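Q: I have a model open and would like to learn how to read it. Could you take me through some of its features?

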Amino acid sequence: MDLHIANKVFIVTGGAKGIGAAISKAIASEGGLVVVAGRNKDDNHTIVDEIVKMHGKAASHTVELGDPEACKELIDFTITKFGRIDGLVNNAGVNDGVGLENGSPEKFNQSLQKNLSHYYNLAHYALPHLKKTKGSIVNIGSKVAVTGQGNTSGYAASKGAINALTREWAVELLPYSIRVNTVLPAEVWTPLYANWIKTFDEPQKKIDSITSKIPFEKRFTTPEEIASTTVFLLSDQSGHTTGQILFVDGGYTHLDRSLT
Ligand code: NAP
């Protein structure tokens, strides 16, 4: 299937690591131009080098997405560099453990800034350009939005809002033929995930306990499996799919608990 994304321009936030890196590479492997937007310059350069080695095209912009002005600068950078935006992948986020009991109003607001505000800010600033290309937005959510996790109010609130905004933006952007969808992972092995697992006394025991509850093949979802669904949703091959929340999670969220 030709996804028709060759020479189209896509911004991937958090595009240098984990799920974002897999999305950046998947876009490039289909001939798309990627703007990798992450806060670590070295990580950004590493992924751009990898993409260039695979004969893909990419640029990077080092940005702390929690800063609204920096979100505007990312859009300006992309337009100056490539002249157009065909898709935005809102992916960067961190499960930062700001709970109800252990958190504070300040920490909760900071968590929203890290996990939610930049999804809105980037969509807002990219909109005039997406209107010109009839582009597409894909958000990366989390199962926590629908299952809860405990001790992570800021992250859960952000991911819940992202599901709501997916529907809200899909409706608002109907007149412009801009589609908006969310890919919702549950358990994906990434640097973020690896760091979280390290916080347990017996990490391997925790890994075994988690994978035993993933119905499909009792394994983690790979970043590449999230990426291929994301790139399909960016492409016009999914041209009549909008306002959808796709659970790419090996059945973790919805299948019968008795299976595990
Ligand atoms: P990851 O391995 O930590 O990669 C995320 C990348 O985004 C990192 O390069 C990180 O930079 C960057 N980033 C995060 N916040 C940023 C900010 N405010 N400004 C600039 N860059 C920022 O994470 P991941 O596991 O791939 O997660 C990606 C997305 O999937 C997140 O939205 C997460 O909530 C979602 N998700 C993941 C899982 C999972 O199992 N992995 C499950 C459900 C949902 P640093 O390295 O400097 O932090």
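Here is a conversation about helices, backbone angles, rings and contacts.

A: Gladly! This is a predicted model, in which local features need pLDDT of at least 70, side-chain atom pairs count only at pLDDT 80 or more, and totals for chains, interfaces and linings use all residues. Residues are numbered from 1 along each chain as its sequence is written, and side-chain values use heavy atoms, with hydrogens and water left out.

Q: Let's start with a helix. How many residues does α2 have, and what span does it reach?

A: Helices here are DSSP runs of H or I with at least four residues, strands are runs of E with at least two, and both are numbered from the N terminus. α2 has 13 residues and reaches 18 Å from its first C-alpha to its last, close to the 18 Å expected at 1.5 Å a residue. That expected span is 1.5 Å times one less than the number of residues.

Q: Which residues of α2 are buried?

A: Buried means under 20% relative accessible area, exposed over 50%, and partly exposed in between, with a 1.4 Å probe and protein chains only. In α2 the buried residues are Asn44, Ile47, Val48 and Ile51. Seen down the axis of α2, they fall within an arc of 100°, so they line one face of the helix; the arc is that of the directions from the helix axis to the C-beta atoms. The face turned away from this buried side carries the exposed residues Asp42 and Lys53.

Q: What covers the buried residues of α2?

A: Contact means heavy atoms within 4.5 Å. The cover includes α1 (18-29), β2 (33-38) and β3.

Q: Where does a residue have a positive phi without being a glycine?

A: The general idea first: most residues other than glycine have a negative phi. Here, His55 has a positive phi near 65°. His55 follows α2, in the loop between α2 (41-53) and β3 (57-62), and counts as exposed at 75% relative accessibility. His4 has a positive phi too, of about 60°. His4 lies in the segment before β1 (9-13) and counts as partly exposed at 39% relative accessibility.

Q: How many aromatic pairs does a search of the whole structure find?

A: A pair of aromatic rings is described by the distance of the centres and the angle of the planes. Rings of Phe, Tyr and Trp (its six-membered ring) pair if their centres lie within 6.5 Å; planes under 30 degrees apart count as stacked, over 60 as edge-to-face and the rest as tilted. The search finds five pairs. In one of them, Tyr193 and Trp196 have ring centres 5.4 Å apart and planes at 80°, so the pair is edge-to-face. These two are three residues apart in helix α7 (residues 191-197), separated by about one helical turn. Tyr193 is buried, at 8% relative accessible area, while Trp196 is partly exposed, at 32%.

Q: What does the side chain of Thr229 reach?

A: A polar contact is a pair of N or O atoms within 3.5 Å; within protein, one must be able to donate a hydrogen and the other to accept it, and residues adjacent in sequence count only if both atoms are side-chain atoms. The side chain of Thr229 reaches the backbone oxygen of Glu225 at 3.3 Å. Thr229 is found in helix α9 (residues 223-234) and is buried, with a relative accessible area of 18%. Not counting residues up to four places away in sequence, Thr229 touches Val183, Leu246 and Val248.
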